[in-house]
Amino acid sequence: MCGIAGVINLDYDSIPNLNRRLALMNEIQTHRGRDGEGIWQHPHEYIGFAHRRLSIIDLNTGSQPMRDNAGNWITYNGEIYNYLELRQELGVKNFLTNSDTEVILHAYRKWGSDCVNHLRGMFAFAIWDESNQVLFAARDRFGIKPFYYTVVDKVLYFASEAKALLPFIKNLEIDLEGFKDYLTFQFCLEGKTLFKGINELLPGHILQVNNGIVNIRRYWEVYYNIDFDHTGKYFEEKIRHLLSESVELHLRSDVPLGAYVSGGLDSSIIAILAHEKSESKFLGFTGKFSVSEDYDESRYARALAEWSGFDLHELDIKSTDFIENIRKVIYHLDYPVAGPGSFPQYMVSKMASNHRKVVLGGQGADEIFGGYTRYLVAYFEQCIKGAIDGTMNSGKFIVTYESIIPNLTALKNYKPMLKQFWQEGLFEDLQHRYFRLINRAPSLGDEINWEALDGYHPFESFQKVFLAENVRQECYFDSMTHFDFKTLLPALLQIEDRVSMAHGLESRVPFLDHPLIELAATIPANVKFTNGTMKRILKDSMSYCLPDVITNRQDKMGFPVPLVQWMKEDIKDFIFDNFSSQKALNRDLIDNKKVLAGLEKEWKFGRKIWGLLCLEIWQREFFDQPQVYSTSGCNEVHFISRKKAKVENQEN
């Protein structure tokens, strides 16, 4: 796991101060790899790579940027879990190291751009093909590893984190479309970020520079070709086999491993399988908010650890931790994304990094097997509509009204959301209904300067994904999960990557293995979601290895943060101070006076104040001060002047 960066002049002219530019990006990304660093620049100085290394595999000979005997160079971040099998296929005698990095170089030599289809793992890399004078870059199928890029004055910059590109942006501005996406979904769509001019390469995509032309194309897609010929038992057996195989591959490492253990189904499955297969002492890590049982799942994590027999490290997260660390969380995220879970994840990752260099987690199962409560809300409405219209039993995808009723207890804590959801638009077209279900913008009123954001509606971007051709439109469940798989999941993986790498910790996600994903896409909705039971097929597949207290849980939490409860006392002054500074009260896009007036109206699990607070802290960190900084170590902060970087950029 590492940090990558690079620069290429699209005219293939030499770049002034190329080494300094690369060193600057490396310094900003120091936290991503404290075990080593390297810089390569072409003899003609029109392209160069930078790398920060966190040593996991081949600790002695895997340094980067790495060169092959044809003059090609690579900078790479991630893990190729089938690298041993690929070494055999490509010829072991041809290798000089034991690293997966060299495997990618050899794979590119043999298969060219098709090499990505042979890789099983998480990755973001760039290869300079010397003989063809081509830059070839790729990002893994799901967006586990990041890749950001920008073009300034015909020079393309790329890096693992957007902040490493900021010194080269001439006029730092908020991307208004990305901003409106965030207000709507709490993440951006179509490769946008909150920084104008900086984009992310979408998951499953390739970026190539050939003769100065930047081309981007997709190399992988998931197709929902539903298999009605097999029974649920068949799919259960396939899931067990593929998940077991994936975990075994994800355990390949030259350092000891551990796992995040939330007490939920997904992380419990991964932790159990990993513990059973691990050859070294296995550790689990969990966090809790002891301020109230409503925010504490640690009893389930302890039950799993005791049942399985591994040691569990627990962290009680306090309001003082929030005050001391939320600024660091927003900095490491690059820009606000998704919900409050990033804060406790940051804290647990910090604890885990004191004991392990690699941890496994359960990210991805909700999006592929259907684990979000809103799917139940959406299907409940659809069942009512089907019962009224007499179409309830008209297709193979239907979950019936009668069967779903016993599982509606899962909606107990969602009454405020249900009340808002059913205020208008009942029984609209499915895409409009799901958009309304996930749209967070209606909770924002005149706090936002909506006139400045006019001209773009996020529904346009939403609809492209929701109505994608690779999903059969008659299956509401697949359309919902597909949208989340393509948009929410990469946002959550952004958090997963940043909060772990902030502490020099590698996070692996075995559910996101493409053979398993491709199988899940073929499972009929009424098998995945039997009787409205969320992730029913996954529970049935893996219940054999879990204690009943985990499989029978009805109170899924998802690491909620007691922000509203803390706001009443512990962090009240902190929140007020952030929204009431002189600069905060003069924002162009947000009226923080009105935000302050509405602080006490937030409901227990609401995200409105969280989202607005993240935006305010983000603007403070990246716009109010004239520098971009990198964190080296836990407490020391090195400030790097954006002005200085610009001067160096413009010399000669």
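In the predicted model, Phe483 is in contact with Phe185, Phe187, Leu189, Tyr434, Ile438, Phe462, Val465, Phe466 and Leu488, when neighbours within four places in sequence are left aside. Together with Phe322 and Tyr434, Phe483 touches the most other members of the largest nonpolar core, which holds 101 residues. In soluble globular proteins, nonpolar side chains tend to be buried together.

The second largest pocket has a volume of about 670 Å³. Its lining consists of 37 residues, of which Leu202, His205, Val465, Lys486 and Thr487 are the closest to the pocket centre. Two elements, helix H15 (458–466) and helix H16 (476–501), each give two or more residues to this lining. The largest share, 10 residues, comes from H16. By residue class, the lining comprises 18 nonpolar, seven polar and 12 charged residues.

Of the 652 residues, 63% count as buried. The accessible surface comes to about 25100 Å², and carbon and sulfur atoms account for 46% of that area. Among contacts between residues at least 6 apart in sequence, 74% join residues at least 24 apart.

Definitions and conventions: Residues are numbered from 1 along each chain as its sequence is written. This is a predicted model: local features need pLDDT of at least 70, side-chain atom pairs count only at pLDDT 80 or more; totals for chains, interfaces and linings use all residues. Side-chain values use heavy atoms; hydrogens and water are left out. Buried means under 20% relative accessible area, exposed over 50%, partly exposed in between (1.4 Å probe, protein chains only). Contact means heavy atoms within 4.5 Å. Accessible areas come from the Shrake-Rupley method with a 1.4 Å probe; for residues, only the protein chains shown count as cover. On a 1 Å grid over the protein atoms alone, a cavity is a set of points where a 1.4 Å probe fits but cannot get out, and a pocket is an open set with protein on both sides within 12 Å along at least five of seven lines; lining residues have an atom within 4 Å of a point. Grid points are joined across faces, edges and corners, and a volume is the space filled by probe spheres set on the points. Helices (H or I, at least four residues) and strands (E, at least two) are DSSP runs, numbered from the N terminus. Ala, Val, Leu, Ile, Met, Phe, Trp, Tyr, Cys and Pro count as nonpolar, Asp, Glu, Lys and Arg as charged, and the others, Gly among them, as polar. A nonpolar core is a set of buried Ala, Val, Leu, Ile, Met, Phe, Trp, Tyr and Cys residues joined through side-chain atoms within 4.5 Å.
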